[in-house]
Protein chains: 2
Amino acid sequence: MEPVDLAVTALHGSVGDPALNSMNFLNEVAQHYPEAVSLAAGRPYEEFFDSSTLATHLDRFRRHLADDLGLGPAQVDRTLLQYGRTKGIVHHLIARNLAVDERITVDPEALVVTVGCQEAMFLVLRALRADPADVLFAVAPTYVGLTGAARLVDLPVRPVAGGPDGVDLADLRAGVRRARAEGLRPRACYVMPDFANPSGVSMDTAHRRRLLDLAAEEDLLLIEDNPYGLFPADGTDRRPTLKALDTARRVVYLGSFAKTVLPGARVGYVVADQRVAGADGTVGPLADQLAKIKSMVTVNTSPISQAVIGGVLLAHDCSLVAANVRERAAYARNLAHLVDGLARRFPAGGPVRWTVPAGGFFVVVTVPFPVDDALLHRSAREYGVLWTPMAHFYDAGTPVHALRLSLSAVTPAQIDLGLDRLAALVTDTTAAVGAPA
Amino acid sequence: MEPVDLAVTALHGSVGDPALNSMNFLNEVAQHYPEAVSLAAGRPYEEFFDSSTLATHLDRFRRHLADDLGLGPAQVDRTLLQYGRTKGIVHHLIARNLAVDERITVDPEALVVTVGCQEAMFLVLRALRADPADVLFAVAPTYVGLTGAARLVDLPVRPVAGGPDGVDLADLRAGVRRARAEGLRPRACYVMPDFANPSGVSMDTAHRRRLLDLAAEEDLLLIEDNPYGLFPADGTDRRPTLKALDTARRVVYLGSFAKTVLPGARVGYVVADQRVAGADGTVGPLADQLAKIKSMVTVNTSPISQAVIGGVLLAHDCSLVAANVRERAAYARNLAHLVDGLARRFPAGGPVRWTVPAGGFFVVVTVPFPVDDALLHRSAREYGVLWTPMAHFYDAGTPVHALRLSLSAVTPAQIDLGLDRLAALVTDTTAAVGAPA
């Protein structure tokens, strides 16, 4: 009999929550079947990884501190090695990146550099969840990291229909009004307007403007998450972010360098330029309030990690579009290859359908049977291919007949192999459940 | 009239809390008076900082991955640059460090490598705060980072008298029983047994054992925070940590590399070997539950930052005692210099008294007048010396006649200058309030 010190029920409810267990489960499956082709992980492409370049990035940022900002040697060492500014030390470079790549004009003081985008999400939700009546809206299916962070601060998340436009505005408006009628306080709606995870759907520019109008009319913040916007399909133009269209500080913008530079730096950021009036009458950006929370979560983001990101930004005049020429081509190539590969393996008009996103990392495949964790286990064990059950991105627990394929961390040859295996799984499972072929 | 989008009262109460505002305030004062001698900041000594060595540390860890762990070049790159293990990649080195320096035997799987010790604190408090009836105990005066993290998860902190032994066991026992009688659930008591921040007090070994016994009798966890244990005064022996004495998994141990390697890596850890029974009957370490929470706060600790720490550990056979020969001598020298300097400036038996700690970074000076933020401002502006009002480490808001001096980030010459200025402030203020000289 194993000794037990604590029951999991004596810990915060989040640790038993599906959102927090989903990532764990998916990681465990991947670890159990290392030989399986993974069309599951939304990790960036690894072919161009080279850890021997870290020293180059660090050195470039150190020279920037000395040559551009005029710091002496002791100040350079202090900046990289000592405790530092809570809101970060590459804020000026990020502000320039947003200007160059996204035409977003932002005061660097309205930025908080965070430990990955996940911390940015957590800080925003912790700040906004002030009262048990607070509620968050999120387009469903929803990124698990958002749902999980909300659970940590006991903030309920109400789903909003996504649909072909990326967000169903009528459903959002009705949901907000219903919540208010119930005595709740809708704080914000979380959206990923570009190549969303997991749906792959993007909003067109007119719809983005309508969403901003709705946010103003219903007095709602929008939390815009944009990890994939840099990666459109071949021949597709990038669209303006909500933040670039935001003239009334309705949008809190979350940024990530995990896909555009490297995940291992764990550097992201939040643009929070909303004006907050303090108890003493002073007014400052929401970023300052987020920084106070950050000081009690991680103190500050590692300046060493920030220096790596800063060094990469400096090497490309702060343009990540320029820094990602090879990566952008690889993702566009993979997306075309994946969609073509699905069309070659599944007949048009048949029961298997799939999305054709305008960019990003993800394609959703609909199949004529429910897709659950048991099927994923069987797929890994018997067919040698990994993917993500779409049920993980819904809160309801009802069966979902769809799975998510990720194209970001594989080669075209792996896509071919993975799709062959997926096709075999789908054929066998369709036959087993007696669904129409 | 400045535009306002949000009132601070519409945000989580923590942002208005004294604990979260304390650090901000102290940083702002320091920034306003950069020429003042700072006996305020508990930062590590900077004389030995050299950011050009980062590449060496990184390389050493990369060679360790290749040569000791047998990883191929692509796996090395993936380990440093890609998303990675939630519980960290230097856990085996930390476990070895704990064995070498602290005689703590720990399964590396019971470790979570965190973004500084602050995140470790946050994860533990988030896990333990499951219900509004939960309450935490902490020895007063209390480190502000603990109080602030508790605020973020709405966990009340009840003070326990510290006294000359480091914790007043009778007061702790009475407090726990009183809380239970009120229908509350005491979850843990936070303690810093070695050279505590801010009191400087240490527990002797017999008292540590009594505390462990009390924890077992009252069914309480102990959260042991040990950032300064490596830095005893000259001629003082180090004592066993609570965790080294813990035979019943009563102690959750928090570790930091901020003082022993460098703060800029933002790497800390938690040892959480408590056995937790899941809803499905499986039993695993509390560390696994903390990792789930971490996956929704920061995903994982930057492997680049971890590699820097790992490289330093590898260079010294995982002994931080060995790695800190120069630093240990500098802190011991400064502590002796500060205590001698106080004795030279303030008469024995007079109204000004001070602690003589057995090590660590902090000396507490008691003065014959209340020490508040206004006095700190005046000290910075008119006398050119910074220190920390002890009132910041108490929750009550009642006047405290004491201030904390930090010796960690200054030279002996700066200590002399700072003490001269402090003596002038104390003399003038004593005269002004009419206290006995």
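Author: Please do, and bear in mind that this is a predicted model. Let us begin with B:Asn197, which is placed in the loop between strand S6 (185-191) and helix H8 (205-217) of chain B.

Reader: Why does B:Asn197 count as buried?

Author: Buried means under 20% relative accessible area. B:Asn197 has 6% relative accessibility, and therefore counts as buried.

Reader: What makes the approach of B:Asn197 to B:Tyr228 a polar contact?

Author: A polar contact requires a pair of N or O atoms within 3.5 Å, one able to donate a hydrogen and the other to accept it. The side chains of B:Asn197 and B:Tyr228 are joined by such a contact of 3.5 Å. With the side chain of B:Arg404, the side chain of B:Asn197 makes a polar contact of 2.7 Å. Leaving out residues up to four places away in sequence, B:Asn197 also touches other residues, among them B:Tyr143, B:Met192, B:Phe362 and B:Phe393.

Reader: How do you know that A:Asp194 is buried?

Author: The relative accessible area of A:Asp194 is 5%, and the limit for buried is under 20%, so A:Asp194 is buried. A:Asp194 lies in the loop between S6 and helix H8 (205-217) of chain A. Its side chain makes a polar contact of 2.9 Å with the side chain of A:Arg208. Apart from neighbours within four places in sequence, the residues in contact with A:Asp194 include A:Val201, A:Ser202, A:Asn226 and A:Arg239.

Reader: What makes strand S4 of chain A mostly covered?

Author: Seven of the seven residues in strand S4 (residues 134-140) of chain A are buried.

Reader: Which strands are joined to S4(A) by bridges?

Author: Two strands pair if at least two bridges are found between them. Five bridges join S4(A) to strand S6 (residues 185-191) of chain A, and five join S4(A) to strand S5 (residues 157-161) of chain A. S4(A) runs parallel to S6(A) and parallel to S5(A). A:Val135 has A:Pro186 as its bridge partner in S6(A), while A:Ala140 has A:Ala161 as its partner in S5(A).

Reader: What is the peptide bond from A:Ala140 to A:Pro141, cis or trans?

Author: That bond is cis, with omega near -5°. Most peptide bonds are trans. A:Pro141 lies in the loop between S4 and helix H6 (144-152) of chain A. In chain B, the bond from B:Ala140 to B:Pro141 is cis, with omega near 0°.

Reader: Why are S12 and S15 of chain A called edge strands?

Author: The open sheet of four strands in chain A has the order S12-S13-S16-S15, with antiparallel pairing. Strand S12 (353-354) and strand S15 (388-389) each pair on one side only, and these are the edge strands. Strand S13 (residues 362-366) and strand S16 (residues 402-406) of chain A run antiparallel and are joined by five bridges. A:Thr366 stands opposite A:Ala402 in S16(A).

Reader: How do you know that the reach of helix H15 of chain A is close to the expected one?

Author: Helix H15 (residues 412-433) has 22 residues and reaches 31 Å from its first C-alpha to its last, against the 32 Å expected at 1.5 Å a residue. Its buried residues include A:Ile415, A:Leu419, A:Leu422 and A:Val426. Among the elements covering the buried residues of H15(A) are helix H13 (325-345), helix H14 (373-383) and S16 of chain A. H15(A) is followed by A:Gly434, whose phi is positive, near 70°.

Reader: What makes the relation of chain A to chain B that of a two-fold axis?

Author: A rotation of 180° with 0.0 Å of shift along its axis superposes chain A on chain B, with an RMSD of 0.0 Å. That is therefore the relation of a two-fold axis. In chain A, the C-alpha nearest the axis belongs to A:Ala55, 2.7 Å from it.

Reader: How do you know that the copies meet through the same surface?

Author: Of the interface residues of chain A, 100% are also interface residues in chain B, so the copies meet through the same surface. The contact takes 84 residues from chain A and 84 residues from chain B. About 7,500 Å² is buried between the chains, and carbon and sulfur atoms give 60% of that area. In chain A, A:Leu81, A:Tyr83 and A:Met296 lose the most area to chain B, together 11% of what that side buries.

Technical notes: Residues are numbered from 1 along each chain as its sequence is written. Chains are lettered from A and ligands numbered from 1 in the order in which they are written. This is a predicted model: local features need pLDDT of at least 70, side-chain atom pairs count only at pLDDT 80 or more; totals for chains, interfaces and linings use all residues. Side-chain values use heavy atoms; hydrogens and water are left out. Copies are superposed by least squares on the C-alpha atoms of residues with pLDDT of at least 70 in both. Contact means heavy atoms within 4.5 Å. Helices (H or I, at least four residues) and strands (E, at least two) are DSSP runs, numbered from the N terminus. Buried means under 20% relative accessible area, exposed over 50%, partly exposed in between (1.4 Å probe, protein chains only). The expected span of a helix is 1.5 Å times one less than its number of residues. Buried area is the accessible area (1.4 Å probe) that two parts lose on being put together, summed over both.
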